[in-house]
Structures are given as structure tokens and as C-alpha cells.
Amino acid sequence: MHQHANGIDYSRISDVYIPRSCSFGKSQILFRDYTNRKEIELLLLEFLDDVCFRLRMHQVVAQTIHLSIGYSKQTGGGFSRQKKMGRASNLNQDIFPYCLTILHNFDNGMPIRSIGISLSNTSIEEEEQMSLFEDIDQRERAYALAKTIDEI
């Protein structure tokens with residue numbers, strides 16, 4: 001630590017860095033202030049569509065959702081929270097209710113100017129744990145539908 005504090009670093013730049021886990025996200029400063037929460041939910045769903053599409057393209061599932069909301073310049077502030085899902089997924093219908101929970105629990109009703117969503121704690125899609133209490137055929141149909149929409 002003493003050497004590092006004094007600018008001495010013997011690590012090799014040519015060594016390849018392999019991250020333990022990657023995240024997929026999207027954020028945007030909006031063109032106007034949004035006060036209607038139904039519009040915000042629709043924007044959030046559009047962002048989630050894009051992020052889930054990229055998860056499926058990389059054949060991974062994510063278990064942690066991070067949502068950040070920035071309020072208008074006049075009011076300032078915002079919030080940034082994350083929530084871990086019960087099971088990893090890359091399907092919109094699994095992730096969106098968690099996003100809504102975060103939004104409804106921490107939003108104070110101010111005009112929203114920026115939205116960001118990221119999904120992390122990723123794992124390979126084939127390693128997904130199936131539930132005994134869920135209809136597996138329905139889940140496989142949902143995956144097939146999502147893949148077909150991605151191809152279109």
C-alpha cells in the first residue's frame with residue numbers, strides 16, 4: 001500500500017482483466033419533466049425491453065435490479081436503489097414488477113427528468129434454477145416468445 005500510495009505499481013498492463021460479474025444497463029436524461037407516473041412506467045418498460053434484449057443476446061440472466069431516478073432541476077435530488085429478485089431472469093415480465101416496487105416505494109411524486117436501470121449479478125442462462133411451484137411449460141413458452149420477438 002505504501003508503494004501504491006507513492007505511485008509505484010508493478011502490475012503488468014498486458015495482463016487481461018476478467019471481471020467477476022458484468023452488468024447491463026441503460027440510462028437517459030429525458031427531454032422534458034415527467035409528472036404522470038403511467039408515462040414513467042411506460043418509459044421504464046421500454047428501457048427494460050432494451051436491457052433484457054441485450055441479456056438474451058449474451059445468453060445470461062440477472063438477479064439484481066438497480067433503478068435510479070433523477071428529479072427535475074427545479075426540485076433536485078432523486079433516488080437510487082437496488083433489489084435482488086428471488087430468481088435470476090432475462091424476461092421483462094419477471095423483472096418489471098420489481099422495478100415498479102422500487103419506483104412506488106421510493107418515489108416522492110416530484111417531476112422526473114432522468115431514468116437509469118441496470119441488471120447485474122449475472123449468470124449463464126442454462127444454469128437457471130427451476131422452481132417446483134411454477135409451470136415449466138409456460139416459462140419455456142415465455143422464453144420462446146421473447147426470443148421470437150428479439151429476432152423480429
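## Working through a predicted model

The chain of this predicted model averages a pLDDT of 85, and 89% of its residues score at least 70.

**Exercise 1.** Work out how helices H2 and H3 are oriented to each other, and what makes their contact.

*Solution.* Step one is the geometry. The axes of H2 (residues 37-57) and H3 (residues 92-106) come within 10 Å and cross at roughly 140°. Step two is the label: over 145 degrees would count as roughly antiparallel, so H2 and H3 are oblique to each other. As for handedness, H2 passes H3 in a right-handed crossing.

Step three is the residues. H2 brings Ile-40, Glu-41, Leu-44, Leu-45, Leu-48, Asp-49, Cys-52 and Arg-56, while H3 answers with Asn-92, Ile-95, Phe-96, Cys-99, Leu-100, Leu-103 and His-104. Sort them by class and you get 10 nonpolar, 2 polar and 3 charged residues.

**Exercise 2.** Count the aromatic pairs, then classify the one formed by Phe-79 and Phe-106.

*Solution.* The count comes to 2 aromatic pairs. For Phe-79 and Phe-106, the rings sit 6.1 Å centre to centre with 40° between the planes, and the pair is tilted.

Key. Residues are numbered from 1 along each chain as its sequence is written. This is a predicted model: local features need pLDDT of at least 70, side-chain atom pairs count only at pLDDT 80 or more; totals for chains, interfaces and linings use all residues. Side-chain values use heavy atoms; hydrogens and water are left out. pLDDT is the predictor's confidence in each residue, from 0 to 100. Axes are lines fitted to C-alpha atoms, for helices over the stretch in contact, and angles run from 0 to 180 degrees between N-to-C directions. Helices (H or I, at least four residues) and strands (E, at least two) are DSSP runs, numbered from the N terminus. Angles under 35 degrees count as roughly parallel, over 145 as roughly antiparallel, 65 to 115 as roughly perpendicular and the rest as oblique. A crossing is left-handed if the near helix is turned anticlockwise from the far one by less than a right angle, and right-handed if clockwise. Contact means heavy atoms within 4.5 Å. Ala, Val, Leu, Ile, Met, Phe, Trp, Tyr, Cys and Pro count as nonpolar, Asp, Glu, Lys and Arg as charged, and the others, Gly among them, as polar. Rings of Phe, Tyr and Trp (its six-membered ring) pair if their centres lie within 6.5 Å; planes under 30 degrees apart count as stacked, over 60 as edge-to-face and the rest as tilted.
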